[in-house]
Amino acid sequence: MNARLSWQKLVGRSRSTSPPPRHGALVSGDPVEAGPDASHGYILYLEDLTVSFDGFKALNALTLYVGTGELLCIIGPNGAGKTTMMDVITGKTRPDHGSAWFGQTLDLLALTEPEIAQAGIGRKFQKPTVFEKHTAFENLELALAGSRSVWRNLAAELSGEQRDRIAAVLAQIGLAAQSATPARRLSHGQKQWLEIGMLLMQNPRLLLVDEPVAGMTPQEVEKTAELLLSLAGEHSVVVVEHDMEFVRRIARRVTVLHQGSVLAEGTMDEVQANPKVVEVYLGEQ
Amino acid sequence: MGSNPPSLLGAWLRNDKSGGVLLAVLAATCLLVPLLHLAVPEASPLHMSSYAVTLIGKYLCYALLALAVDLVWGFCGILSLGHAAFFALGGYAMGMYLMRQIGSRGVYGDPILPDFMVFLNWKQLPWFWHGMNMFWLAMLMVALVPGLLALVFGWLAFRSRVTGVYLSIITQAMTYALMLAFFRNDMGFGGNNGFTDFKDILGFDLHKPVVHVVLLVISAVALGGSYLLCRWIVRSRTGRVVTAIRDAESRVRFIGYRVESYKLWVFVFSAVLAGIAGALYVPQIGIINPSEFQPLNSIEVVIWVAIGGRGTLYGAIAGAVLVNYAKTWFTTALPSAWLYLLGALFVVTTLLLPQGLAGLLARRKPAAPATGASVT
């Protein structure tokens, strides 16, 4: 009874503290080119999302908002719908119900995967996929927002400004000294940072980061935490992670997913004190 | 190289020792072959026979074909088992021109119709033979026909995201289908006999040694030029995107590149190179027939590239020349053993030398230049 009450309280609070002031009005011109309009303090609106796979509801009326410049951590047991949620945001999976808006004006459900990437949502997958044969510098060069045309890239030269930008990102992800190193020679952690760097090259407004510290050494975990914290503010960051210590280290707000919907929201302490959460998730450990 | 070479070519080759060696060998070929074949008297032991000249010319054309395959396979990861089809189409376009040049000197003496058409009792030239007596149009077709086929085929395949083994199989099917089609007499390409008995090219007698030497030199220049062009492509940003597609295709798509456009571009460019190789091959060998479309031919090209070292360009060229030299030697000495040997070579290369002979060379050098060679 007590647990049920606090769960309702939590859900109720999350609704009241995250008003969705979205009108869905389209701006003139190409909305994808223009990017999201986050003028109301929120960059991502997920409402009532439902995704079923052969009767199994991977997402069940999921409603979630991400603030502009926020660093949001999402935790939840296996099968809670974390990856499916990422897939819906990036256009890989289409929901059965619900809506997903990027800022005020971009309906994510109406855009293709490349359009969503172009509009400013970058996703880092669990397993690092960088271009192994290319150097760290070249990896970032390829990710650089710029021409994608075959013909133009035949004669493309990097401008001084672009070189500076690549150097700046290399410094930000801590790989300045590895600029000319082929990516296959980088450590696991360095590959993860390089991949984050590749996302940064595209100036994303929203970064989706899937289990960034899996398989990292403690030193690498610490550096990753610093990197993600430095990104928040300028970018909105959503981190999905299993490592509780890591989440505690970086999270300001934590959302717990369970069976495809939000179970609890709050600070790490609030969430960990929640009996419902303890029962379904933390109790397992 | 301490001095700074003033020429563009020098600057280009500063970081490409293997390419420098290749161009030097090609230049030496262009000098020595005319010298040894034309200037040295036949009685001298240094004289190069016309058989050897034809053989070297053939190797050069095969090397250009291997270069084309290396570009799509070694750099873009598209394992085409149908490149001999583009080679043969280029050869057929050249063959049509050479057939029209025969004119009334054919067995039946018809001023317009090639012999095989007279033999089939045809009264007039099929529409696609018109204008093929003009050299420029024939040369246009040498590039256009393979390029267009690659464009249509590649557009259908890459748009449907057909990759890996499935793509390889349908390229085999493509070349096999073309072989069957060209075997038919009513296709208008001479059926199983194909084209032969060529007389002259641009008015020059194809039976004269000097014409053969000139064709060989043109082949060497085409090979060297194509090498430089391919190297320029793979070192451009487009080339880096292409190798990235080979290594992690979905990642490239995710960054926002249209993977299909890049694959299609490389595939078409490579097909045109193969077509040019075929067009250079036909006047030197003196015959083109549907057996050039054999699926086995395309597979052999892939073996040359694998043995030489895929993804290096110069390795593909070296592989083509070495394997074909071995083939020439073995098919005279031990004809029945050749196919077994080729198969064994391929297996040994795949198991022990995944980087081919080029990888073996790179391994002997210190790490820095080795990675340069394998990366680019």
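How many bridges pair strand β1 of chain A with strand β4 of chain A, and in which sense? Strand β1 (residues 42-53) and strand β4 (residues 97-102) of chain A pair in the antiparallel sense over 5 bridges.

## Basis of the model

This is a predicted model, in which local features need pLDDT of at least 70, side-chain atom pairs count only at pLDDT 80 or more, and totals for chains, interfaces and linings use all residues. Residues are numbered from 1 along each chain as its sequence is written, while chains are lettered from A and ligands numbered from 1 in the order in which they are written.

Helices (H or I, at least four residues) and strands (E, at least two) are DSSP runs, numbered from the N terminus. Two strands count as paired if DSSP finds at least two bridges between them.

## The antiparallel sheet of chain A

Strands β1 and β4 of chain A belong to an open sheet of 4 strands with the order β2-β1-β4-β5 and antiparallel pairing. At its edges are β2 (56-67) and β5 (106-107) of chain A, each of which pairs on one side only. E47(A) stands opposite S99(A) in β4(A).

Helix α3 (residues 82-89) of chain A lies across β1, β2 and β4 of chain A and runs at about 65° to β2(A). Such angles run from 0 to 180 degrees between N-to-C directions, with axes fitted to C-alpha atoms, for helices over the stretch in contact.

Strand β8 (residues 236-240) of chain A is mostly covered, with 5 of its 5 residues buried (20 or more other C-beta atoms within 10 Å of the residue's own, C-beta atoms being placed from the backbone). S236(A), V238(A) and V240(A) point one way from β8(A), V237(A) and V239(A) point the other way, and all are buried.

Strand β3 (residues 71-75) of chain A runs parallel to β8(A) and is joined to it by 4 bridges; L72(A) stands opposite V238(A). Strand β7 (residues 206-210) of chain A also runs parallel to β8(A), joined by 5 bridges, and L206(A) has S236(A) as its bridge partner. β7(A), helix α9 (residues 218-231) of chain A and β8(A) make a right-handed β-α-β unit (with the strands pointing away from the viewer, the path from the first strand over the helix to the second runs clockwise).

## Contact between the chains

The contact takes 21 residues from chain B and 18 residues from chain A, where two residues are in contact if their C-beta atoms, placed from the backbone, lie within 7 Å. On the side of chain B that touches chain A, the largest share, 7 residues, comes from α9(B).

Definitions and conventions:
A residue is buried if 20 or more other C-beta atoms lie within 10 Å of its own, exposed if 12 or fewer, and partly exposed in between; C-beta atoms are placed from the backbone.
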